[in-house]
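Dear colleague,

My notes on it follow directly after.

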Amino acid sequence: MKKRSFTPYFFIGPHLILFIVFILVPTIYGIYASFTKWNLLGDPVWVGFENYKTILFDSTSTFNAQFMNGMKNTLIFVGLSVPILIVIPLMVAVALEHKKVKMKGLMQSILYIPGLISISAAALIWLLIFNKQLGITGNVFGSQIPWPANQPYAWIIIIVITVWGGVGGNMIIYRASINGVAKDLYEAAEMDGAGSIRKFTSITLPSIRFPLIYTFVMTTGGAFNVFGQPLMMTKGGPQQSTHVLMMYIRQLAFGHGESIAGMASAMAVLLGLVILVISAMQYYVMNRNAS
Amino acid sequence: MKRKTISLILLTAIFSALLSACGSGSDKNTIVFWTPLTGDDGAYMDQIVKEYNATNPEFKVKHVITSDMYTKISTVINSGKGVPDLAIIHADRVPGFVKQGVLEPLTGVLSAQPELKQDNYLPQAWSTGTISGTQYTVPLDIHSNVMYYNKDLLKKYNAESFLDDNIVTIDEMLSLQGKLDEGDYVVNDALLGWVILAQVQNLGGDIQQDGKPAVNTEVMKKAFESVKKIADAGLMTPFGEDGYLMFQGGHVLFSTDGTWSSTAHAKVEGLNFGVTNIYSPTPDKFTNRASSHLFAMLTNEKRTDEKEQGIGAFLEFIRQNSMEWAKAGQIVASKQVIESPEYKNYIQSFFTSDEKEIESLYIYTYEHYPYIAEAVDTYCADIVRGNVDLDETLATMQKFVEDKIAENNKAAGQ
Amino acid sequence: MLKKINLSKYLAYLFLIVLCLIWIIPVLFGITTSFRTEAEVVSSGFRLLPESWNFENYKAILENTSTAPILRWLFNSLFIAITHTFLVVVVISLTGYGYTRINFKGRDTLFFTLLGISFFPGVVNLIPSYKIIDALGWVNTAWAMIIPGLAGMGNIFLVRQFLKGIPTELDESARVDGASDFRIYYSVILPLIKPVLIVCGLFSFIGSWNDFLWPVIVYTDVDKMPVTAGLLLLQDIYGNYRMIGQLVGSAILAIIPTLVLFLFAQKHFLQSINLNSGLKG
């Protein structure tokens, strides 16, 4: 009995220490900073809930406008990108699982490669492709509209580059999970005359439910933190309609003028709370349905 | 087999980590010099530093390029360790840094190097570093918003006369309305925010009044309206298209980008270009909104007086030997360099060819300029393209700047 | 029956091939762009292949060795990524086991608390993180790159989810035979979760390889930098526009190692599962 009480520490202890040092302490400091005015160079000045009051309730304030617009755009991005980032990889994984399909490795690699390319190079390539004069939208599809500066195209190109670079990760998780599903289950189902869809809903999905929860929660969390794609593709335009919250936060903290890090931290904490609530809901709903 | 591999990896890991742990630690006879000069600029600066170190100075310079220097500066200032001895910062950072106590005056350095003085530099580059009579920086260059023109297109549309008085006016540009082939444009929208800020000067205005930000003003409104005329006439490259690439592709007469772009334009085969001033609403005045790379010392108590002398010697060397920097396309700040015949080979020598040109290089020194520039950059494209209401947006911009300034004052405990 | 299978096969093929084509075109376009001259990049019209193959971009990248010791950077990145990945696999498998197979009070509460905390976006956290690294004396060393990432919760969450899907009968029977927790972890669980560990290892390797913000902060020596951060030094401060071909070319060089690793890993995370598929169900 005594020996067992030490066991948990052996398994989770090392990580717990790392977590406290490299995540917990900096996060607590970030939360502390959200209750201060701070320019990153001097000492933070405590102001209590002032930043939060301004962001949430002072409708005349620039920061309130930025937060609301940024949060709205972030939610749009999450709503558009997450379902695609779940469904396409899942379909790919299922299609690749088909016994008769050949060259699986090749196709899997092709779908994964974009995820390896740095966001700045990827954005350059896609901006050339979406360029009216130089790319395909004008020359191949005959579109007369510059896509990055017009809605809904601005969102479309942001989602396209996100999905292009992002399906690989979830695809691999699904591939690894589905591969673990015992083949005899499928064979038995086939004997019973089950079709592809039946097999998918009654064998594949339940078997990979736990990894599925993981991809839902983590993909959503990642999508809330988006800023590279809109920054590079549209610079937040047109009329700040793709200006996501993380872009505002980073501009406040690391922009050209004197840093407004306290306000940035408060926005980041609020964003963190939203992520927390949504992922908790996702986990709760999916976990209940799974078990 | 597997265990062997694992232990081999572990061993290598430990060994290499040990290796990398030793051997570091900066020499006290080295000047650690940070710059944000990525790309080719960094290579030119490397070359200058190499030449300086080859003179066997008492304090050798170690050039460290960082791609995110200002964030890095805030981390080292916070931890108080690893602060560089010398850094290159941008002009718009100076007032804020001085107010926050991040810069050390160069008084000691200047008194030991009599040639490091205003008379030997482009005046505005020098005075950018003068705050309340104290000198905080020594300039390396001025980098400015300029206007490139496509010689072949000017000829084609018979517009070479625009260049006669070195001022291309908005009216001259408008005279081309209806005369261009489909797909050709008079001007692009590169660095549009800087162009707007130049017009504010051309129209005799400013961005501040008695230390308060002045964005929502008649002058600013006029500045936007005059540029908007070009867009309204369909002469500006379409919204959302890459006007810079379109200029390089030979479809645009004028490109309002930066001094530094000349090297890139030169690499485009078949692009026959020259450079002139940014267009103006009036034939009487022209302005090229500029910034400057400045040498500065970040606050660090551990920097010895001897090292400061070494820094002085390095800056004096730069003053005399920064021809290399002209290769980066920038307007070198040292008069000795720009007055030498060799400098005439560089296209940007146009901007130091006479007093009026030198005067046209305008550096905003208002303390809160960065916020104003941010506001202008955020909203200018939508205003010029007529996507938003001008008056309303100017009010939003004014509020944007004021709200941010208010935050600073609170952070400073005022 | 036979027809039905064929139909689903063709559907699967159609879907995959269309998707792969869409996915590969930008990659090919990027590769060919790195072989174009600047004049061609900016000339009108869309061409998948360059007019003439131009190697100047790659020459320029590889020749600029004074400010950009690319081979040295590649070596640094390899060292950092390999060490980091190895340690990640050790940490997440131990921790994942701890959070699923060992019963202790408040286990799930602790796990979800940590996971929740890790969801807070770090922005100004950069400053305290740097101070911690500084206090540990890790500034300008590889440790600053290798260790902090081990604290992440993402991979542990994934391992935990995988382990939850694996029935406990096997470890129960091992426990009845008198095996210790470590024994069960090492001989029963580790082989079972090998695929997910390979996946996590792959993610960690790529994540560590592609990290560019943190190395800029913790390194001051150009020679010690990893390649992704180093390549940032080649880009221009005024935007990336000066040399599109060169920039894309350097990005393509930078993905070769991770691509090789992926091709290598891909065999393993699929193959290994077949070994134990019979254990399930």
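For chain C, an unreviewed UniProt entry lists "transmembrane region" at residues 12–31, 73–97, 109–130, 142–163, 184–206 and 243–265; UniProt positions are given in the numbering used here, feature names are shortened, and annotations may be inferred rather than shown by experiment. The span 109–130 of chain C is 68% helix and 0% strand, with its end C-alpha atoms 29 Å apart. For residues 142–163 of chain C, the end C-alpha atoms lie 32 Å apart, and the span is 64% helix and 0% strand. Helices (H or I, at least four residues) and strands (E, at least two) are DSSP runs, numbered from the N terminus.

Please note that this is a predicted model, in which local features need pLDDT of at least 70 and side-chain atom pairs count only at pLDDT 80 or more, while totals for chains, interfaces and linings use all residues. Residues are numbered from 1 along each chain as its sequence is written, and chains are lettered from A and ligands numbered from 1 in the order in which they are written.

Chain C is divided into domain 1 (1–63) and domain 2 (66–279), with bounds that come from an automatic or database domain assignment. The contact between them takes 12 residues from domain 1 of chain C and 10 residues from domain 2 of chain C; two residues are in contact if their C-beta atoms, placed from the backbone, lie within 7 Å. On the side of domain 1 of chain C that touches domain 2 of chain C, the largest share, five residues, comes from α3(C). That side divides into six nonpolar, four polar and two charged residues. Here Ala, Val, Leu, Ile, Met, Phe, Trp, Tyr, Cys and Pro count as nonpolar, Asp, Glu, Lys and Arg as charged, and the others, Gly among them, as polar.

Turning to chain B, there are 18 helices and 16 strands. Of its 414 residues, 51% count as buried (20 or more other C-beta atoms within 10 Å of the residue's own, C-beta atoms being placed from the backbone). The C-alpha atoms of chain B fill a box of roughly 70 × 60 × 55 Å, taken along the principal axes. Among contacts in chain B between residues at least 6 apart in sequence, 78% join residues at least 24 apart. Not counting residues up to four places away in sequence, V187(B) touches several residues, including M173(B), I230(B), L235(B) and Y279(B).

Yours sincerely

Conventions:
A residue is buried if 20 or more other C-beta atoms lie within 10 Å of its own, exposed if 12 or fewer, and partly exposed in between; C-beta atoms are placed from the backbone.
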